[in-house]
Amino acid sequence: MPVASSSLPWSAAPADALAGVLGVFTDIDDTLTEGGAIDPPALAALQALDAAGMPVIAITGRPLGWSRELAATWPLRAVAAENGAVALIRQDQGWHTVYAQDEATRAANTPRLQAAAARVLREVPGATLARDSAGRVTDIAVDHSEFSHLPPEAIAEVVRVMHAEGMHCSVSSIHINGWYGAHDKWSGAQWMLRTLFGRALAPEADRWIYVGDSTNDQAMFGRFALSVGVANLLRFAAELHTWPAYLTAGERGAGFAEVAERLLQGRRG
């Protein structure tokens with residue numbers, strides 16, 4: 001198994017860099033959660049960051065419907081769901097839903113998504129749609145590790161079929177997501193910063209933290225100088241080509257809590 005030689009311990013992140021951080025982007029599944037539920041240390045960390053005025057923006061492959069439920073109870077500034085296709089923005093009067101694609105594009109894509117899903121189920125033995133599929137509006141998701149298990153060769157076959165259908169796709173710690181459109185986690189993060197603060201992300205990416213746990217976070221790891229993998233990222237070591245700058249000692253919510261603790265210490269310092 002490859003060694004994460006390019007990743008330093010999160011404790012080695014320089015204090016001066018942390019003092020200048022403007023906010024946090026984070027994945028959700030197996031970064032903030034365990035078994036689909038918020039990990040208590042992660043919730044406490046989110047509350048502490050919110051109390052300190054530090055915005056946290058979630059970027060996830062989870063669907064709009066699922067994200068609406070968590071947005072009601074988690075102190076987040078925004079949730080970019082379905083890999084950057086749809087977002088929930090926190091406002092004084094509640095949560096506002098916005099889409100990266102217009103209504104006509106989404107309507108045209110719906111039968112294509114249905115046809116692609118049917119082909120995956122037909123051609124890949126054992127493949128099942130994710131249980132949260134009813135809440136999805138812009139993509140499809142195949143379960144490989146949440147409630148069902150697919151071996152690596154079957155995951156690769158799902159990816160092949162999605163690509164054959166002209167889809168973009170990504171593999172998270174639990175699902176294989178497929179969609180039509182150029183959006184992804186990076187474009188979703190850019191969209192959120194522009195929408196919330198009227199600023200471009202690229203020029204200030206070194207002042208934001210990104211936290212993730214899986215292979216589908218690699219593009220984000222490569223964009224942020226302060227990218228962090230929670231320790232359970234190591235389960236994907238053999239599949240990683242882009243490591244985060246730092247790794248936490250703890251897994252999942254405990255790892256995210258480490259990130260928040262050092263960040264808040266850096267701001268106080």
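This is a predicted model: local features need pLDDT of at least 70, side-chain atom pairs count only at pLDDT 80 or more; totals for chains, interfaces and linings use all residues.
Residues are numbered from 1 along each chain as its sequence is written, and side-chain values use heavy atoms, with hydrogens and water left out.

**Salt bridges**

The term stands for a side-chain nitrogen of Lys or Arg within 4 Å of a carboxyl oxygen of Asp or Glu. Arg119 sits in helix α4, while Glu165 is in the loop between α5 (152–164) and β10 (168–171), 46 residues apart. Those element names come from DSSP runs, helices being H or I with at least four residues and strands E with at least two, numbered from the N terminus.

Next, select Asp217 and Lys185, another salt bridge at 2.9 Å, N to O. Here Asp217 lies in the loop between β12 (208–212) and α7 (218–221), and Lys185 belongs to helix α6 (residues 185–197), 32 residues away. Both Asp217 and Lys185 are buried.

Now jump to Arg62 and Asp132, whose closest N and O atoms are 2.8 Å apart. Arg62 is in the loop between β5 (56–59) and α3, Asp132 in the loop between α4 (103–123) and β9 (139–143), and 70 residues separate them. Each of the two, Arg62 and Asp132, is buried.

Switch to cartoon view. The open sheet has 9 strands in the order β1-β14-β13-β12-β2-β5-β6-β7-β8, with mixed pairing; two strands pair if DSSP finds at least two bridges between them. β1 (8–9) and β8 (94–99) are at the edges with a single partner strand each, so one side of each has no neighbour in the sheet. Select β7 (residues 86–91) and β8 to see an antiparallel pair with 6 bridges, in which Ala87 stands opposite Val98 of β8. Helix α3 (residues 64–71) packs on the sheet, touching β6 (78–81), β7 and β8, and its direction makes about 20° with that of β7. Touching means contact, with heavy atoms within 4.5 Å, and the angle, on a scale from 0 to 180 degrees, is between N-to-C directions of lines fitted to C-alpha atoms, for helices over the stretch in contact.

Which residues of β12 are buried on each face? Trp208, Tyr210 and Gly212 are buried on one side, Ile209 and Val211 on the other. β12 pairs in parallel with β2 over 4 bridges, and Thr26 has Val211 as its bridge partner. On to β13: 4 bridges join it to β12, again running parallel, with Gly212 partnered by Gly229.

**Last stop: helix α8**

Select residues 252–268. Helix α8 has 17 residues and reaches 25 Å from first to last C-alpha, close to the 24 Å expected at 1.5 Å a residue; that expectation is 1.5 Å times one less than the number of residues. Its buried residues include Phe256, Val259, Leu263 and Leu264. Among the elements covering the buried residues of α8 are α2 (40–51), β12 and β13 (226–229).

Methods. Buried means under 20% relative accessible area, exposed over 50%, partly exposed in between (1.4 Å probe, protein chains only).
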